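Subject: Structure handover

Hello,

Please find the structure below, with notes on what was found in it. The notes go element by element.

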Amino acid sequence: MTPTGATTVARQTNAELTFPLISGVPTATLDPGEAAFAAFGGSDTPGATGTCPPSYRSLRITPPGNTESVSLSAWNPYFNQDLPACAGIQVTMVVPASDVPYLNPSPTAS
């Protein structure tokens with residue numbers, strides 16, 4: 001949601017934003033208290049108008065086939081800014097945290 005209250009629907013992509021070493025489109029089934037991840041991105045490059053709308057300040061996430069949603073901050077600490085709104089939002093598949101390789105590295109052989 002932008003500061004003016006505008007909303008948009010993200011376009012899911014499986015090509016540009018991906019988790020390494022994960023293929024296919026998994027179904028993320030979570031037990032209470034478990035976490036899942038998805039990567040998202042936008043653009044701060046203005047189009048033909050030369051200006052960008054206000055950045056997104058929050059993201060409302062609603063799983064497919066569900067009516068309940070959660071609102072998350074669109075703040076990106078790496079870039080020290082909210083998610084830019086110059087282009088549409090792209091989102092990867094949702095992956096259970098237990099399936100993200102770099103969050104759960106394999107034990108090394110000794």
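**Strand β5 and serine 71**

Serine 71 sits in strand β5, residues 70-73. Strands here are DSSP runs of E of at least two residues, helices are runs of H or I of at least four, and both are numbered from the N terminus. Serine 71 is exposed because its relative accessibility is 52%. The classes are buried for under 20% relative accessible area, exposed for over 50%, and partly exposed in between, with a 1.4 Å probe and protein chains only. Apart from neighbours within four places in sequence, serine 71 is in contact with Ser58, Leu59 and Arg60, where contact means heavy atoms within 4.5 Å. Between serine 71 and isoleucine 61, which are 10 residues apart in sequence, the C-alpha to C-alpha distance is 6.2 Å.

Some notes on the source. This is a predicted model, in which local features need pLDDT of at least 70 and side-chain atom pairs count only at pLDDT 80 or more, while totals for chains, interfaces and linings use all residues. Residues are numbered from 1 along each chain as its sequence is written, and side-chain values use heavy atoms, with hydrogens and water left out.

**The chain as a whole**

The chain has nine strands and zero helices, and its pattern along the sequence reads β-β-β-β-β-β-β-β-β. Of its 110 residues, 20% are buried. Among contacts with a separation of 6 or more, 72% are between residues 24 or more positions apart. Accessible areas come from the Shrake-Rupley method with a 1.4 Å probe, and for residues only the protein chains shown count as cover.

**The disulfide**

How many disulfides does the rule give? The count is one, with a disulfide taken as a pair of cysteine sulfur atoms within 2.5 Å. Its partners are cysteine 52 and cysteine 86, with sulfur atoms 1.5 Å apart. The link of cysteine 52 and cysteine 86 is right-handed, with 105° about the S-S bond. Cysteine 52 is in the loop between β3 (40-41) and β4 (58-61), and cysteine 86 is in the loop between β7 (81-82) and β8 (90-91), so the pair ties together parts that are 34 residues apart in sequence. The C-alpha atoms of cysteine 52 and cysteine 86 are separated by 4.8 Å.

Not counting residues up to four places away in sequence, cysteine 52 touches Asp44, Thr45, Pro46 and Cys86.

**Alanine 85**

Alanine 85 is found in the loop between β7 and β8. Is alanine 85 buried or exposed? Alanine 85 is buried, because its relative accessible area is 9%. With residues up to four places away in sequence set aside, alanine 85 touches Ser43, Pro53, Pro54, Ser55 and Tyr56. Alanine 85 and tyrosine 56 are 29 residues apart in sequence, and their C-alpha atoms are 6.1 Å apart in space.

A search of the whole structure finds one aromatic pair. Tyrosine 78 and phenylalanine 79 form this pair, which is edge-to-face with 4.9 Å centre to centre and 90° between the planes. Rings of Phe, Tyr and Trp (its six-membered ring) pair if their centres lie within 6.5 Å; planes under 30 degrees apart count as stacked, over 60 as edge-to-face and the rest as tilted. Tyrosine 78 counts as exposed at 71% relative accessibility, and phenylalanine 79 counts as exposed at 53%.

Asparagine 80 is in the loop between β6 (75-76) and β7. Asparagine 80 is not a glycine, yet has a positive phi of about 55°. Asparagine 80 is exposed, with a relative accessible area of 58%.

**Nonpolar patch**

Which residues make the nonpolar surface patch of about 300 Å²? They are Phe37, Tyr102 and Leu103. Patches are made of residues with over 30% relative accessible area and no salt bridge, with like charges joined within 9 Å and nonpolar side chains (Val, Leu, Ile, Met, Phe, Trp, Tyr) within 5 Å. A salt bridge is a side-chain nitrogen of Lys or Arg within 4 Å of a carboxyl oxygen of Asp or Glu. Phenylalanine 37 lies in strand β2, residues 36-37, and counts as partly exposed at 36% relative accessibility.

Regards
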